[in-house]
Amino acid sequence: MSTCFWYKECKVCEQGRLFIVEDLSRHRLYLHCEECEIGFIEPCHMKSGETFLTLDLDYDCRYADQETIDRYDWQKFALNSSAIADAPKLC
Ligand SMILES: [Zn+2]
């Protein structure tokens with residue numbers, strides 16, 4: 001079964017998990033909240049409060065797999081894992 005990874009609970013809505021998503025159009029990873037659809041381009045933006053609304057953007061994306069996370073050196077943000085079948089559908 002495919003696995004996806006998430007960092008922490010969302011600080012904005014305090015309900016969703018922040019999944020690590022690969023933006024295939026811009027070739028980068030970001031954190032995507034499953035509940036409020038907010039995104040953080042860098043995990044440090046959780047502190048600065050810099051967000052974007054993922055619904056406003058038009059791009060192809062998918063849950064980042066282990067190989068992708070290794071490639072972007074985001075292992076330290078992949079604190080939790082979940083089956084993709086249990087994760088919400090992305091754009
Ligand atoms: Zn949220």
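A residue is termed buried if 20 or more other C-beta atoms lie within 10 Å of its own, exposed if 12 or fewer, and partly exposed in between, with C-beta atoms placed from the backbone. Ser2 is exposed because 9 other C-beta atoms lie within 10 Å. The structure is a predicted model, in which local features need pLDDT of at least 70, side-chain atom pairs count only at pLDDT 80 or more, and totals for chains, interfaces and linings use all residues. Residues are numbered from 1 along each chain as its sequence is written.

**Segment before strand 1**

Helices (H or I, at least four residues) and strands (E, at least two) are DSSP runs, numbered from the N terminus. Ser2 is placed in the segment before strand 1. Its C-alpha lies 8.2 Å from that of Asp65, although Ser2 and Asp65 are 63 residues apart in sequence.

**Nonpolar core**

A nonpolar core is a set of buried Ala, Val, Leu, Ile, Met, Phe, Trp, Tyr and Cys residues joined through C-beta atoms within 7 Å. The largest one has 16 residues, and those with the most contacts inside it are Trp6, Tyr7, Leu18, Phe19, Ile20, Val21 and Leu31. Strand 1 (3-9), strand 2 (17-23) and strand 3 (28-33) are the elements that each give two or more residues to this core. Contact here means that the C-beta atoms of two residues, placed from the backbone, lie within 7 Å. Beyond its neighbours within four places in sequence, Tyr7 is in contact with Leu18, Ile20, Leu31, Pro43, Phe77 and Leu79.

**Strand pairing and hairpins**

Two strands pair if DSSP finds at least two bridges between them. Strand 2 and strand 3 run antiparallel and are joined by 6 bridges; Phe19 has His32 in strand 3 as its bridge partner. Strand 3 also runs antiparallel to strand 4 (residues 38-40), with 2 bridges between them, and Leu31 is bridged to Phe40 in strand 4. Strand 3 is largely enclosed by the rest of the structure, because 5 of its 6 residues are buried.

Strand 2 and strand 3 form a hairpin with 4 residues between them. The hairpin of strand 3 and strand 4 has 4 residues between the strands. A residue with positive phi from each loop is listed below.
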